[in-house]
Amino acid sequence: MSPDPITWRHTWPERGADFLAVVAGGQFARIYRTHPDHLQGHEWVWSLTYPAVTGLTKTGRAATKAEAADAVRAGLDEALRWHAERGEPLLLWRADRGSDPQLDWMRGPVRIVVGRDVPWLEDGLDIQKAPSRSPGRVDGC
């Protein structure tokens, strides 16, 4: 597995600047370009899309695509820490489509175990943190 467990791909290739963050086969987050907000001119929106209640900030706006991607990476670090501290797997909706779209809803979630499916945990949790990526680069964008 690469040092950065996030793989970026177009959410809808025909719609342009809209990207899905996939972690170990599961949907974790989305970033997309929209109109600038009125206060700061931020035109990128990011949101963590995984269905867990952890008390994390799950949405925000950023001035650049790289800043939005960095916010998603920070959210992944926090989500992994939260789940690792409780000994629970991170459950994500599957990023791929099944062979029968009518039955996709029946497929179980992707279960990500920190330290097994992703290459790190943090600080005193006896896990290694992935090295940070250089700013300004979102693969697949």
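Reader: Which residues have the most contacts inside the largest nonpolar core, and how many residues does that core have?
Author: W8, V23, F28, V72 and L90 have the most contacts inside it, and the core has 26 residues. A nonpolar core here is a set of buried Ala, Val, Leu, Ile, Met, Phe, Trp, Tyr and Cys residues joined through side-chain atoms within 4.5 Å. Buried means under 20% relative accessible area, exposed over 50%, partly exposed in between (1.4 Å probe, protein chains only).

Reader: Which elements each supply at least two residues of this core?
Author: β1 (6–10), β2 (18–23), β3 (26–33), β4 (44–48), α1, β6 (90–94) and β7 (110–112) each do. Helices (H or I, at least four residues) and strands (E, at least two) are DSSP runs, numbered from the N terminus.

Reader: Where does the largest share come from?
Author: From α1, with 7 residues.

Reader: Quick check on provenance and numbering?
Author: This is a predicted model: local features need pLDDT of at least 70, side-chain atom pairs count only at pLDDT 80 or more, and totals for chains, interfaces and linings use all residues. Residues are numbered from 1 along each chain as its sequence is written, and side-chain values use heavy atoms, with hydrogens and water left out.

Reader: Back to L90. What does L90 touch?
Author: Y50, L76, A79, L80, H83, V110, R111 and I112, leaving aside residues up to four places away in sequence. Contact means heavy atoms within 4.5 Å.

Reader: Now α1. What span does α1 reach from its first C-alpha to its last?
Author: 32 Å over 22 residues, close to the 32 Å expected at 1.5 Å a residue. The expected span is 1.5 Å times one less than the number of residues.

Reader: What follows α1?
Author: G87, with a positive phi near 65 degrees.

Reader: Switching to charges. How many salt bridges does a search of the whole structure find?
Author: 5. The criterion is a side-chain nitrogen of Lys or Arg within 4 Å of a carboxyl oxygen of Asp or Glu.

Reader: What does D70 pair with?
Author: R73, with the closest N and O atoms 3.2 Å apart. Both lie in α1 (residues 65–86), 3 residues apart, about one turn of the helix.

Reader: Why does that spacing matter?
Author: An α-helix has 3.6 residues a turn, so residues three or four places apart point the same way.

Reader: Are D70 and R73 buried or partly exposed?
Author: D70 is partly exposed at 34%. R73 is buried at 13%.

Reader: Which residue bridges to R81?
Author: E78, the closest N and O atoms being 2.4 Å apart. E78 is partly exposed, at 35% relative accessibility.
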